[in-house]
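Reader: I am new to this structure. Please show me how to read its features, one at a time.

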Amino acid sequence: MSVENQLKFTDFKSDQSVKWCPGCGDHAILNSVQKAMANLGYSNEDVAVISGIGCSSRFPYYMETYGFHTIHGRGSAIASGVKVANPKLKVWQITGDGDALAIGGNHFIHTIRRNVDLNVILFNNQIYGLTKGQYSPTSKRGFISKTSPFGTVESPFRPGELCIGARGHFFARCIDKDLKHSVEMMEEAAGHQGTSIIEVLQNCVIYNDKTHNAITDKAHSEDRTIKLEHGKPMIFGKEKNKGLLLDGLNLKVVTIGENGVTEGDILVHDAHCEDTTLHLKLADMEYPDFPVALGVIRAVKAPVYDQCVETQLEEVQEISKIKSFNDLIHSGDTWDVE
Ligand SMILES: Cc1ncc(C[n+]2csc(CCOP(=O)(O)OP(=O)(O)O)c2C)c(N)n1
Ligand code: SF4
Ligand SMILES: [Mg+2]
């Protein structure tokens, strides 16, 4: 698309009134997606936005693109079908921690394993918002909710660990209210061929307010998160004097200038490394022991499902005796499949 014709982010807003609660993190994520699509030079008809069920999954209504608000947990099955049927479409899937990791858990891991070219935005508010506050597979151990009045007695999924464990090739994390960084993550995901998972730490102001506050709060965020960038040293903190290094098989937080540690000792982030060991460790870091990793943790090239299907179809059509519907009906009632 020429620069003169490039759409503005407002061109991706539909005429529907947005029904999320005032103050919900979903509003910021909607803006980030629209900004990213405008920056990427998309046309409205280039895109299909597919979702399951949940507050987050109302997203397609608000986008001036193709879209489908489908059934609970099944967004990725439908998004996969859309992408395979029309590989030219840019398919973005919107899902919540309940939609993707509870009822849709099986679909989530197999879509990742297949590496279908989808941009999946996982809104992680650690709660079922739409159904009014039941605990979810990402709620912290001991979390008190309507369905866990005495606190949960189970450990949560870590979406990054699940993604990498399912042989995922792209995983990034960002914070709903950090629009600039979220837009960057969405652009990175869009540029990646294959399933891209972006976990957005999202605030549900009604049923799980401030759940991410320990790390998203402005006063502490720089000391409690690390923004990873490929090829850059893993340095963080308000003073930019903290870093990560490997101590045996484990990551360790160090202070540059103390105990003989210099900037040269700090690990350099390699998001493109095929080996998952370090990416898993980075994705699993939790506050207070570690800073929470933001940014693109893993982005590795691998064969893409929909492209492989397309190639295979062309190859089979090339050698098939049946080239058209007419050939099919005139070929008799039975025929040999070689
Ligand atoms: C088959 C089926 N089971 C249960 C539900 C009820 N239900 C709707 S949304 C939802 C959970 C949504 O949570 P999440 O995906 O985290 O989205 P959020 O509302 O937090 O954005 C549930 C259990 C349903 N709609 N369909
Ligand atoms: S219930 Fe929570 S997640 Fe749902 S719209 Fe309201 S604030 Fe957002
Ligand atoms: Mg949720």
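Author: This is a predicted model. Begin with the sheet. Strands of a sheet pair through backbone hydrogen bonds, either parallel or antiparallel. Here eight strands form an open sheet with mixed pairing, in the order 2-1-3-4-6-5-11-7.

Reader: Which strands stand at the edges of the sheet?

Author: Strand 2 (66-69) and strand 7 (225-228) do. Each has a single partner strand, so one side of each is left without a neighbour in the sheet.

Reader: By how many degrees are neighbouring strands turned against each other?

Author: On average by 20 degrees, with direction ignored.

Reader: In which sense do strand 5 and strand 11 pair?

Author: Strand 5 (residues 170-175) pairs with strand 11 (residues 292-299) in the antiparallel sense, over four bridges. Take Phe170, found in strand 5. Its bridge partner in strand 11 is Ala299.

Reader: Is Phe170 buried or exposed?

Author: Count the C-beta atoms around it. The cut-off for buried is 20 or more others within 10 Å. Phe170 has 27, so it is buried. Its contacts, leaving out residues up to four places away in sequence, include Ala189, His192, Ile197 and Arg298. Gln193 is 23 residues from Phe170 along the chain, and their C-alpha atoms are separated by 9.1 Å.

Reader: And Phe325, buried or exposed?

Author: Phe325 has 8 C-beta neighbours inside 10 Å, so it counts as exposed. Its place is in helix 11 (residues 325-329).

Reader: How do I read two packed helices?

Author: Two packed helices are described by the angle between their axes and the distance between the axes. Helix 2 brings Ser76, Ala77 and Ser80 to the contact, while helix 4 brings His107, Phe108 and Thr111. By class, that contact has two nonpolar, four polar and no charged residues.

Reader: Which strands does helix 2 lie across?

Author: Strand 1 (47-51), strand 2, strand 3 (90-96) and strand 4 (118-124). Helix 2 runs at about 180 degrees to strand 3. Now look at helix 9 (residues 277-284). Helix 9 lies across strand 5, strand 7 and strand 11, at about 150 degrees to strand 11.

Reader: Which residues of the largest nonpolar core touch the most other members?

Author: Ile121, Ala172, Ile198 and Ile297, out of 62 residues in that core. Strand 11 gives the most to this core, with six residues. A second, separate core has eight residues, among them Tyr128, Tyr135, Cys204 and Tyr207. Go back to Ala172. Beyond residues up to four places away in sequence, Ala172 touches Met185, Glu188, Ala189, Ile198, Gly295, Val296 and Ile297.

Reader: Now the ligands. Which residues come nearest to ligand 1?

Author: Gly54, Gly96, Gly98, Asp99 and Gly129, of the 18 residues around ligand 1. Helix 3 (residues 97-103) gives the most to this shell, with four residues. The shell divides into seven nonpolar, nine polar and two charged residues.

Reader: Which residues are around ligand 2?

Author: They include Trp20, Cys21, Cys24, Cys55, Gly129, Cys204 and Tyr207. By class, the shell around ligand 2 has eight nonpolar, two polar and one charged residues.

Terms used: Residues numbered from 1 in each chain as written. Chains lettered and ligands numbered in written order. Predicted model: local features only at pLDDT ≥ 70, side-chain atom pairs only at ≥ 80, totals over all residues. Helix = DSSP H or I, 4+ residues; strand = E, 2+ residues; numbered from the N terminus. Buried ≥ 20, exposed ≤ 12 C-beta atoms within 10 Å, placed from the backbone. Near = placed C-beta within 6 Å. Nonpolar A, V, L, I, M, F, W, Y, C, P; charged D, E, K, R; others polar. Contact = placed C-beta atoms within 7 Å. Pairing = 2+ DSSP bridges. Axes fitted to C-alpha atoms, helices over the stretch in contact; angles between N-to-C directions. Core = buried A, V, L, I, M, F, W, Y, C linked by C-beta atoms within 7 Å.
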